[in-house]
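The sequence and the structure come first, followed by the notes.

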Amino acid sequence: MDKLVYLFHEGHGDMKELLGGKGANLAEMTRIGLPVPYGFTITTQACNAYYEASKTIPALVEKQTLEALTCLEEKMGKKLGDPLNPLLVSVRSGSVFSMPGMMDTILNLGMNDETVLGMAKLTNNPRFAYDSYRRFIQMFSNVVLEIDTYYFEQFLEETREQKGYSSDPEMSATDWQELIIGYKGIVKKHTRKEFPQNPNEQLFLAINAVFNSWNNQRAIVYRRLNKIPDHLGTAVNIQSMVFGNMGDDSGTGVAFTRNPSTGEHVLYGEYLINAQGEDVVAGIRTPQPIAALKNEMPEVYKQFTDTCKRLEQHYLEMQDIEFTVERGQLFILQTRNGKRTAQAAIRIAVEMVEEGIIDKKTALLRVDPDQLNQLLHRRIDDTFEKRILAKGLPASPGAATGQVVFDADEAELLGNEGKKVILVRPETTPDDIHGIVASQAILTSRGGMTSHAAVVARGMGKACICGCEAVKIDLKAKQFTVGDTVVNYGDIITLDGSTGEIMLGEIPMIDPELSDEFQLLLAWADQERKLGVRANADNPEDAKKAFEFGAGGVGLCRTEHMFMDLKRIPIVQKMILAENYSERMEALGELLPMQQGDFEGIFEAMEGLPVTIRLLDPPLHEFMPDKEELLVDVTKLQILDPGSAELKKKEQLLKKVRQLDEFNPMLGHRGCRLGMIYPEIYEMQAKAIFYAAAKLAEKGIEVQPEIMIPLVGHVNELKQMRQLVIDAAVLVQEETGKNIEYTIGTMIEIPRAALTADQIAEEADFFSFGTNDLTQTTFGYSRDDAEGKFLQAYIENKVLPENPFAVLDQEGVGKLVETGVKLGRTAKPSLKTGICGEHGGEKSSIDFCYRTGLDYVSCSPYRVPLARLAAAQATIRHEQKKEEVFTTA
């Protein structure tokens, strides 16, 4: 750990772990000869050393920083704090993974009462010098001295109004001087100290603040949301300043080498004349589209477009570039892989293959499977007549309806209560991250397509409209107006982030259509993946949707959902209340044709693909009325109508409900235990499956039923239930004359089943790991109670890295899966294995399933495309690792 500070020319692009993403890219751009303002990077290791030293900058870091500063001063021919020829620097954070807006930045550091005079004289532009100074005071005071920006913005707005100005460029040098006096007064009032004038003191206070920002609340929330490890730390980039606010031949902007919303191969971005970079991303002024730069500064525009092409070719990836023009000279301040919508990610990946920039495997690895959910949700129905209230910039596609809220805390509170809200703000800041997470969509009246709200919303796949200046927001009154229309807190609005349209009320929406690029990418995924992908589908509609999304069959059909139909519940209750076998058989006789119809519809929808049907799993009390409600009804009838037939019926029902009541129903009389005690229930279901298969065979439709016995913990349970299914198959075959090919397996969801999988495999043709229940039984958690009471606190306090019901616990539950697969295939090498819990649609769990050697994963229909892509990525990644090992050996 000897070297903790690197000059830009000493680093390169592969040093992200040490220099952070920003520092590594600045070093790489310097290395390839791009116009990067010179500087140096204090490493992530220095950040960790800072925290190890109880938030004190270690002596070695301070020494190397001052040495690097001396090199920077020599390179620039200027000196920090020199009143005649001052060096000004920016101090920026730069984590290993991009965290836009989450941590702190300070510009114009080195300004004080003396250097501002030097800058004014050197540039012959006093207005620029004092504008830069007031920006520095405001930014430094907020980031380092922790004074809310609101006080400075309020004072600036009051000053502008007093002078009759509408925008900052109208302010003169004298105006800025007056403002600076007021700003210093704000600092004195809040800190009881004068604003620091020593540039070296400013520098180290700023470095402290950037290190501290690694653990500010918004950064912690962002890391948790994006699963970024807490131990990485942030680098600090010290860079000589270039100025976009030196007049009309200067400016600043942000651009993407391709459109981050649609993926179209056109330069996309914005810039502001006579402004600094923070003005663009903070949304304080509404910028111009990048194409307009072609007319205002044609030579700069050409140089910039050439640089964009060069960067994309160098990184083989769409780039997000920050730039500044100082007196007609272009400087590149940053480049990074651009965040994009799912639609754009897919189009860019496919088109880069077609352009010969990357290959298909690289394209598949470029698209985050989680992003695909953005494309699988509803959009506004174009046939509906919309009343458009206003139109802003379409900053992030998608559509959403919700109640208007004006505060991030309120958005989080209502969102946690299950309410759908839309966050409306003049502009968002990184402090609003928790409210954005909880909202359906975001609407801002200021800012552009690269403002904080736009970038964060696109990353989350949320609809966002920015820069809607027609919307006048009154935060105190909790309302906004558009012309004469007033929209109050709690009113319902609909946003279309694809068009920028805002509408009153709720607008009908329709299902998405998948683009040709999407279908092509998934076709490439299917060529690569070794893991099958099926869907969990309990009815013909879900099965049809799963088939459309490319599922290779149904991995879990839960038959209990068929019994929950309101028309069937009375018959199910009749079966449960039966006093004897013949009464129960009568009720089952009514249910059988209904079950048969269900299975026919699912088999037909899957067009010959395998369908795994799980026999009845939940305890019988779930089909009965609520005990407490029944008790209230019985008590009322005993008082009001004691001799009624209804009272007698409800008393009988209450008696049965009490008999079925269990202390711990999750571990009670359910699954195969029901079949063992009431074999006639499972027999009815098995017959319904075979009758349905025989009926479709008559139509010439091939069927592959896979019958799954749930909750087996001992081989003898499966042995007995297997024989029951075989007997039902023989009976139906004799009746119909149709010979149906089928398999019988079990769901592994009890730890004992995984540990004795070699014995159970003797009676099974396949295993399907039910990881929802396996997680419950392994951890000893009741899912509903755990998630509602303590699980979130466990995750926040890092007791657990993830919610184990959302992301498979590979260390514990995963070991049981691995054990089950290994033991099962030891006994029966041909044993087919799959997973059908919620984890079947989660990318890291899918990667685990590939490594463990499962044959398939099964997930909800809408997650099938995600699973197909994640399965391909798992195959590609692990084959690449094998190749690397082979090459090294």
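This is a predicted model: local features need pLDDT of at least 70, side-chain atom pairs count only at pLDDT 80 or more; totals for chains, interfaces and linings use all residues.

**Helix H6**

- Helix H6 covers residues 149–163, and its 15 residues should span 21 Å at 1.5 Å a residue; the end C-alpha atoms are 21 Å apart, which agrees with that expectation.
- Phe-152, Leu-156, Thr-159 and Arg-160 are the buried residues of H6.
- Viewed down the axis of H6, these buried residues fall within an arc of 100°, so they line one face of the helix.
- Glu-161 and Gln-162 are exposed and sit on the face of H6 turned away from its buried side.

**Packing of H19 and H22**

- Helix H19 (residues 540–548) packs with helix H22 (residues 581–606) at an angle of about 10°, and their axes are 8 Å apart.
- H19 is therefore roughly parallel to H22, since angles under 35 degrees count as roughly parallel.
- On the H19 side, the contact is made by Pro-540, Ala-543, Lys-544 and Phe-547.
- On the H22 side, Asp-598, Gly-601, Ile-602, Ala-605 and Met-606 take part.
- By class, the residues of this contact between H19 and H22 are six nonpolar, one polar and two charged.

**Gly-745**

- Gly-745 lies in strand E30, which runs over residues 743–748.
- Its relative accessibility is 0%, so Gly-745 counts as buried.
- Leaving out residues up to four places away in sequence, Gly-745 touches Ile-707, Met-708, Ile-709, Leu-718, Ala-764, Asp-765 and Phe-766.
- Thr-612 is 133 residues from Gly-745 in sequence, while the C-alpha atoms of the two are 9.1 Å apart in space.

**Thr-756**

- Thr-756 is placed in the loop between helix H28 (751–755) and helix H29 (757–761).
- With a relative accessibility of 11%, Thr-756 counts as buried, because buried means under 20%.
- Between the C-alpha atoms of Thr-756 and Asp-113 there is a separation of 78 Å, and the two residues are 643 residues apart along the chain.

Methods
Residues are numbered from 1 along each chain as its sequence is written. Side-chain values use heavy atoms; hydrogens and water are left out. Axes are lines fitted to C-alpha atoms, for helices over the stretch in contact, and angles run from 0 to 180 degrees between N-to-C directions. Helices (H or I, at least four residues) and strands (E, at least two) are DSSP runs, numbered from the N terminus. Angles under 35 degrees count as roughly parallel, over 145 as roughly antiparallel, 65 to 115 as roughly perpendicular and the rest as oblique. Contact means heavy atoms within 4.5 Å. Ala, Val, Leu, Ile, Met, Phe, Trp, Tyr, Cys and Pro count as nonpolar, Asp, Glu, Lys and Arg as charged, and the others, Gly among them, as polar. The expected span of a helix is 1.5 Å times one less than its number of residues. Buried means under 20% relative accessible area, exposed over 50%, partly exposed in between (1.4 Å probe, protein chains only). The arc is that of the directions from the helix axis to the C-beta atoms.
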